[in-house]
Amino acid sequence: MEADKRARLVLQSMFSGVLSTHSKKFSGYPFGSVVPYCLDQSGQPMILISRLAQHTQNITDNPRVSLTLLETNPEQGDIQQLERLTLLADVEKITAVEDAAQRYYRCFPQAHGYHDELDFDFYRLNLVQLRFIEGFGQARWLSPGGVVQANPFTTEHLIRIVDHMNEDHGDAIQHYCDQAAISNLERDATMAAIDGDGMTLRVDNHLQRVEFARSVTTSEEARAILVEMARTPINQGS
């Protein structure tokens, strides 16, 4: 379904949202806070939050939350015309901490070590329903099964691909930025993540999504499409 694919792209591309929890201190009221997130191997959002934070205390009391994703576009005059996605989810503390850390810190290196040096823990948002708004008056409910897509790459494979690209193929990453029209004159670009549909680049401390022309499921297929993109002239790949 086309709406499922568009909603999945929003989920893969936003990297932060408004987390709404049930207030423990003020019973009956919702409590909103901004959190960064990335996707784990199952394709579900993963967050890193402090045990002392108000939203964490709320989650401990009631794990039912929502996460609202909205891209603000300065060129869009009417915010109601923008696509946005609200995720209803049950929050679960992640026990495979090192696996989560390997994925999360590649997207958010500024938080590196928070889980073992400070009082932060990783949590997964297990999605229950999604409310997708494609524009003014265009809203629908979607099931997670149609939107959420597991990452075909294990953490070990992801590390191998991402670190190899960053260490040996910085010129290719710059080329991907040009293809995707990610324009910064003095950009510092690295790869942060890869999945079956595309890759996440970290450009001047901002995460940017770059889609593949076709889906991949193996390291060999990922290598092939990355090589193709690196060799595609800008006027053909943009």
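Reply: Let's start with the cut-off: a residue counts as buried when its relative accessible area is under 20%. Keep in mind that this is a predicted model. With a relative accessible area of 0%, Asn-58 falls under that cut-off and is therefore buried. You'll find Asn-58 in helix α2, which covers residues 54–61. Its side chain has a polar partner: the side chain of Thr-21, at 2.9 Å. Thr-21 also turns up among the residues that Asn-58 touches, along with His-22, Ser-23, Lys-24 and Phe-31, once residues up to four places away in sequence are set aside.

Now for Ser-50, another residue worth a look. Ser-50 sits in strand β4, residues 45–50. The relative accessible area of Ser-50 is 12%, so Ser-50 is buried too. From there, the side chain of Ser-50 reaches the backbone nitrogen of Leu-52 at 3.1 Å. Leaving out residues up to four places away in sequence, Ser-50 touches Thr-56, Asp-119 and Phe-120.

On the α7 side the contact is made by Ala-172, His-175, Tyr-176 and Gln-179, while α8 brings Leu-226, Met-229 and Ala-230. Sorted by type, the residues of this contact come out as five nonpolar, two polar and no charged.

Notes: Residues are numbered from 1 along each chain as its sequence is written. This is a predicted model: local features need pLDDT of at least 70, side-chain atom pairs count only at pLDDT 80 or more; totals for chains, interfaces and linings use all residues. Side-chain values use heavy atoms; hydrogens and water are left out. Contact means heavy atoms within 4.5 Å. Helices (H or I, at least four residues) and strands (E, at least two) are DSSP runs, numbered from the N terminus. Ala, Val, Leu, Ile, Met, Phe, Trp, Tyr, Cys and Pro count as nonpolar, Asp, Glu, Lys and Arg as charged, and the others, Gly among them, as polar. Buried means under 20% relative accessible area, exposed over 50%, partly exposed in between (1.4 Å probe, protein chains only). A polar contact is a pair of N or O atoms within 3.5 Å; within protein, one must be able to donate a hydrogen and the other to accept it, and residues adjacent in sequence count only if both atoms are side-chain atoms.
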